[in-house]
Amino acid sequence: MSDLTKSKKYPFLLVMLILCIMTELALSLAKGMTQAMSEYSSEMIRLPEPVQDSDTSIEEAMRKRRSTRSYKERPLILAEISQLLWAAQGITSQRGLRTAPSAGALYPLEMYVVAGNVNDLPDGVYKYGPHKHELTGLAGGDKRNELCKAALGQTSVKDAAAVIVMSAVYERTTVKYGDRGIQYVHMESGHAAQNVLLQAVSLNLGAVIIGAFHDDAVKKVLKMPEREQPLYIMPLGRMK
Ligand SMILES: Cc1cc2nc3c(=O)[nH]c(=O)nc-3n(C[C@H](O)[C@H](O)[C@H](O)COP(=O)(O)O)c2cc1C
């Protein structure tokens with residue numbers, strides 16, 4: 001082999017070596033992240049970016065929506081949880097306005113996730129932070145059975161892969177609108193819940209609204225602050 005051919009090969013080999021090292025580094029980083037995600041932690045969990053489009057029209061989602069109370073035992077994925085939370089309260093404008101309307105843009109609603117069978121999300125209770133689109137861990141362990149008991153034993157709650165619970169801080173709205181604000185909060189919670197139900201259809205997931213539950217028991221399971229009032233329990237899982 002001539003010296004000229006050899007010298008041409010060296011840069012190529014060097015590039016290949018750098019690519020191999022970078023691939024190895026990326027793989028070990030990804031492995032580390034997966035391991036970190038498999039254990040419950042009270043730290044923030046950044047959610048995957050929600051998608052802003054789909055092949056399901058709003059008409060199709062409304063037509064197909066049906067209360068679904070039993071699910072396959074297959075897990076949900078974190079991207080689906082991300083999408084459902086975005087549908088509920090995701091930020092959709094530079095000014096901080098959200099997917100659901102809010103009287104006076106005062107945003108009294110809070111979203112919790114009770115995870116029991118979600119890939120890359122350890123079992124536990126989490127609170128959604130819409131501004132950074134992230135979850136904060138509140139408690140570890142599978143709380144679906146406890147939540148099911150608080151919901152008068154309705155099996156959809158324990159059979160769901162994950163449950164979204166919506167609560168409200170009434171004062172955020174009543175401080176401006178007085179007692180009328182209570183009505184506004186209830187109206188607003190309906191908007192957000194319907195967004196979740198329609199998003200679930202678009203993701204081909206089953207969901208139901210649970211209104212029958214003991215408020216105090218739900219608050220206890222979710223470690224909800226005193227000033228919050230639970231309004232909706234929404235079990236979610238894969239369609240049978
Ligand atoms: C405010 C509210 C509370 C509800 N509570 C429950 C409940 O506790 N358990 C349940 O299985 N379904 C509950 N549902 C679902 C209704 O039973 C369901 O929407 C109704 O049967 C109509 O069926 P569809 O949703 O498939 O159209 C509730 C619905 C609403 C709007």
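Select helix H3 (residues 78–89): this helix lies across strands E3, E5, E7, E8 and E9, and runs at about 160° to E3. Axes are lines fitted to C-alpha atoms, for helices over the stretch in contact, and angles run from 0 to 180 degrees between N-to-C directions. Contact here means that the C-beta atoms of two residues, placed from the backbone, lie within 7 Å. Helices (H or I, at least four residues) and strands (E, at least two) are DSSP runs, numbered from the N terminus.

The model is a predicted one, where local features need pLDDT of at least 70, side-chain atom pairs count only at pLDDT 80 or more, and totals for chains, interfaces and linings use all residues. Residue numbers start from 1 along each chain as its sequence is written.

**The sheet**

Next, show the strands in the order E1-E6-E5-E3-E7-E9-E8: they form an open sheet of 7 strands with antiparallel pairing. Strand E1 (44–46) and strand E8 (205–207) are at the edges with a single partner strand each, so one side of each has no neighbour in the sheet. From one strand to the next, the twist averages 30°. Two strands count as paired if DSSP finds at least two bridges between them.

**From E3 to E6**

Select strand E3 (residues 109–115) and strand E5 (residues 124–129), which run antiparallel and are joined by 4 bridges. Val113 is found opposite Tyr126 in E5. Gly140 in E6 is the bridge partner of Gly124. The hairpin of E5 and E6 has 4 residues between the strands, and His133 takes a positive phi near 50° there.

Move to E7 and strand E9 (residues 229–238), an antiparallel pair joined by 7 bridges. Ala162 has Leu236 in E9 as its bridge partner, and Ala168 has Gln229 in E9. How many of the residues of E9 are buried? In E9, 8 of its 10 residues are buried, and the strand is mostly covered. A residue is buried if 20 or more other C-beta atoms lie within 10 Å of its own, exposed if 12 or fewer, and partly exposed in between, with C-beta atoms placed from the backbone. Now select E8, which runs antiparallel to E9 and is joined to it by 3 bridges. Ala207 stands opposite Leu236 in E9.

**The ligand**

Select the residues around the ligand: Arg66, Ser67, Arg69, Gln154, Val208, Ile209, Ile210, Gly211 and Ala212. A residue is near a molecule if its C-beta atom, placed from the backbone, lies within 6 Å of it. This shell divides into 4 nonpolar, 3 polar and 2 charged residues. Ala, Val, Leu, Ile, Met, Phe, Trp, Tyr, Cys and Pro count as nonpolar, Asp, Glu, Lys and Arg as charged, and the others, Gly among them, as polar.

**Whole protein and confidence**

Finally, show the whole protein, which has 8 helices and 9 strands. Of its 240 residues, 37% count as buried. Colour by pLDDT, the predictor's confidence in each residue, from 0 to 100. The mean pLDDT is 91, and 85% of the residues reach 70 or more. Among the elements, helix H1 (residues 3–37) has the lowest mean pLDDT (56) and strand E7 (residues 162–168) the highest (99). Over residues 28–37 the pLDDT is below 50, and this stretch has 1 contact in the model beyond near neighbours in sequence.
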